[in-house]
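Subject: Handover of a structure and findings

Dear colleague,

Please find the structure below, followed by a written account of what was found in it. I would be grateful if you could read the account with the coordinates open.

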Amino acid sequence: MFSIPNKPPISLTPRAVSHIKLLMDNSDALALRVGVKKGGCAGMEYTIEYVTELDKNDEVIEQDGVRISIAPTAQMFLFGTEIDYETSLLESAFKFNNPNVSEACGCGESIKFKDI
């Protein structure tokens, strides 16, 4: 994983931690895996899935009692990202504040990364 000493590769806001705890309390998963895949109008999309077995190549982040694993293919794209959880009148969702994104589609569901 790309890293800076004493700085986690991704961070979670208190709202994200709270929601992940709620999800994990209702699951037998060990962690949530965060990744990226091709798709959407801007070219890439974030993925989040439950994992019951940690992959030896995943970067595992533990913060405030929750565990996130980062898929190996996503590690360079997610470095420096803050994950938040926002609730509005129309939707509730994880929001990725990612410094590596160069543009996003109008609906906010897909992103394009800076040349890395």
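I begin with a single loop residue. D64 has a relative accessibility of 53% and therefore counts as exposed, the threshold being over 50%. Please bear in mind throughout that this is a predicted model. D64 sits in the loop that leads from β4 (59–63) to β5. Its backbone deserves a look, as D64 has a positive phi of about 50° although it is not a glycine.

Overall organisation

The chain comprises two helices and nine strands. Read from the N terminus, the order of the elements is β-α-β-β-β-β-α-β-β-β-β. The chain has 116 residues, of which 39% count as buried. Among contacts with a separation of 6 or more, 50% come from residues 24 or more positions apart.

Strand β2 covers residues 31–38 and is mostly covered, with six of its eight residues buried.

A31 belongs to strand β2. Is A31 buried or exposed? A31 counts as buried, because its relative accessibility is 0% and the limit for burial is under 20%. Leaving aside residues up to four places away in sequence, A31 touches M24, E49, Y50, V51, L54, R67 and S69. A31 and I70 are 39 residues apart in sequence, and their C-alpha atoms are 9.9 Å apart in space.

The sheet of β1, β6 and β7

An open sheet of three strands is arranged in the order β1-β6-β7, and its pairing is mixed. Which strands stand at the edges of this sheet? They are β1 (10–12) and β7 (92–97); each has a single partner strand, so one side of each lacks a neighbour in the sheet. On average, and with direction ignored, neighbouring strands of this sheet are turned by 25° against each other. Helix α1 (residues 14–25) packs on the sheet and touches β1, β6 and β7, its direction making about 75° with that of β6.

Strand β6 (residues 81–87) runs antiparallel to β7, and six bridges join the two. A hairpin of four residues links β6 to β7.

T81 is placed in strand β6. With a relative accessibility of 1%, T81 counts as buried. Not counting residues up to four places away in sequence, T81 touches P9, I10, S11, F96, N97, N98 and P99. T81 and P8 are 73 residues apart along the chain, and 9.5 Å separates their C-alpha atoms.

The cavity

Rolling a probe the size of a water molecule over the atoms shows where empty space is left. How many cavities of 30 Å³ or more does the structure hold? It holds one. The largest cavity has a volume of about 40 Å³. The residues that line this cavity are I20, L32, V34, I48, I68, I83 and F94. By class, its lining consists of seven nonpolar residues, with no polar and no charged residues.

Several elements described above meet at this lining. I20 falls in helix α1 (residues 14–25), and L32 and V34 fall in β2 (residues 31–38).

Yours sincerely

Notes:
Residues are numbered from 1 along each chain as its sequence is written. This is a predicted model: local features need pLDDT of at least 70, side-chain atom pairs count only at pLDDT 80 or more; totals for chains, interfaces and linings use all residues. Side-chain values use heavy atoms; hydrogens and water are left out. On a 1 Å grid over the protein atoms alone, a cavity is a set of points where a 1.4 Å probe fits but cannot get out, and a pocket is an open set with protein on both sides within 12 Å along at least five of seven lines; lining residues have an atom within 4 Å of a point. Grid points are joined across faces, edges and corners, and a volume is the space filled by probe spheres set on the points. Ala, Val, Leu, Ile, Met, Phe, Trp, Tyr, Cys and Pro count as nonpolar, Asp, Glu, Lys and Arg as charged, and the others, Gly among them, as polar. Two strands pair if DSSP finds at least two bridges between them. Axes are lines fitted to C-alpha atoms, for helices over the stretch in contact, and angles run from 0 to 180 degrees between N-to-C directions. Contact means heavy atoms within 4.5 Å. Buried means under 20% relative accessible area, exposed over 50%, partly exposed in between (1.4 Å probe, protein chains only).
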